[in-house]
Amino acid sequence: YLTPKVDVRGGVIVENKILLVREKVDGRWSLPGGWADVNRTPQENVIKEAFEEAGVLVKPTRLVGLLDRSKWVEDACPYTIYKILMLCELLEGDFKCNAETIESGFFAMDQLPPLSLGRTTEAQLALFFKAHQNPEYHPVYD
């Protein structure tokens, strides 16, 4: 039987700006992340993806959301995809060239670049800022 795919995304906020990476596939920006690997926890996957795509070491600190992608993106995606969003603390690192992304940067919510909407939406980024600013934030789930 068919099962959902799992996409993990890590949000790093520094000085009220969020870390985004520019995707090679479409030239647009998204949160570092991707398909979850088997035999890794969601936290381990977020750590791996942040390092591979943005060159940074992070520590996941809070669950921001467990989302059904189809409720957040209107397109003809052939899969059911669950998105796990985690707020992360930046430990260290700098962008390094890699197979998936061409640059990284920090952006304020009111100065977002063109987003890769199948990967990251403005509404999802807003969840990260809410979680970052509110210690009583409760994760969103579909």
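Helices (H or I, at least four residues) and strands (E, at least two) are DSSP runs, numbered from the N terminus. This is a predicted model, in which local features need pLDDT of at least 70, side-chain atom pairs count only at pLDDT 80 or more, and totals for chains, interfaces and linings use all residues. Residues are numbered from 1 along each chain as its sequence is written, and side-chain values use heavy atoms, with hydrogens and water left out.

Q: Where is the place of Asn45?
A: Asn45 is in helix H1, residues 42-54.

Q: Why is Asn45 called buried?
A: Buried means under 20% relative accessible area, exposed over 50%, and partly exposed in between (1.4 Å probe, protein chains only). Asn45 has 0%, so Asn45 is buried.

Q: Which residues is Asn45 in contact with, leaving aside its neighbours within four places in sequence?
A: Contact means heavy atoms within 4.5 Å. Asn45 is in contact with Val8, Trp35, Ala36, Asp37 and Arg40. A polar atom of the Asn45 side chain lies 2.7 Å from the backbone nitrogen of Asp37.

Q: Why is Tyr82 called partly exposed?
A: The relative accessible area of Tyr82 is 37%, so Tyr82 is partly exposed. Tyr82 belongs to strand S6.

Q: What span does helix H2 reach?
A: The expected span is 1.5 Å times one less than the number of residues. Helix H2 (residues 122-133) has twelve residues and reaches 17 Å from first C-alpha to last, close to the expected 16 Å.

Q: Which residues of H2 are buried?
A: They are Gln124, Leu125, Leu127, Phe128, Phe129 and Ala131. Their cover includes strand S1 (5-14) and strand S5 (56-68).

Methods:
A polar contact is a pair of N or O atoms within 3.5 Å; within protein, one must be able to donate a hydrogen and the other to accept it, and residues adjacent in sequence count only if both atoms are side-chain atoms.
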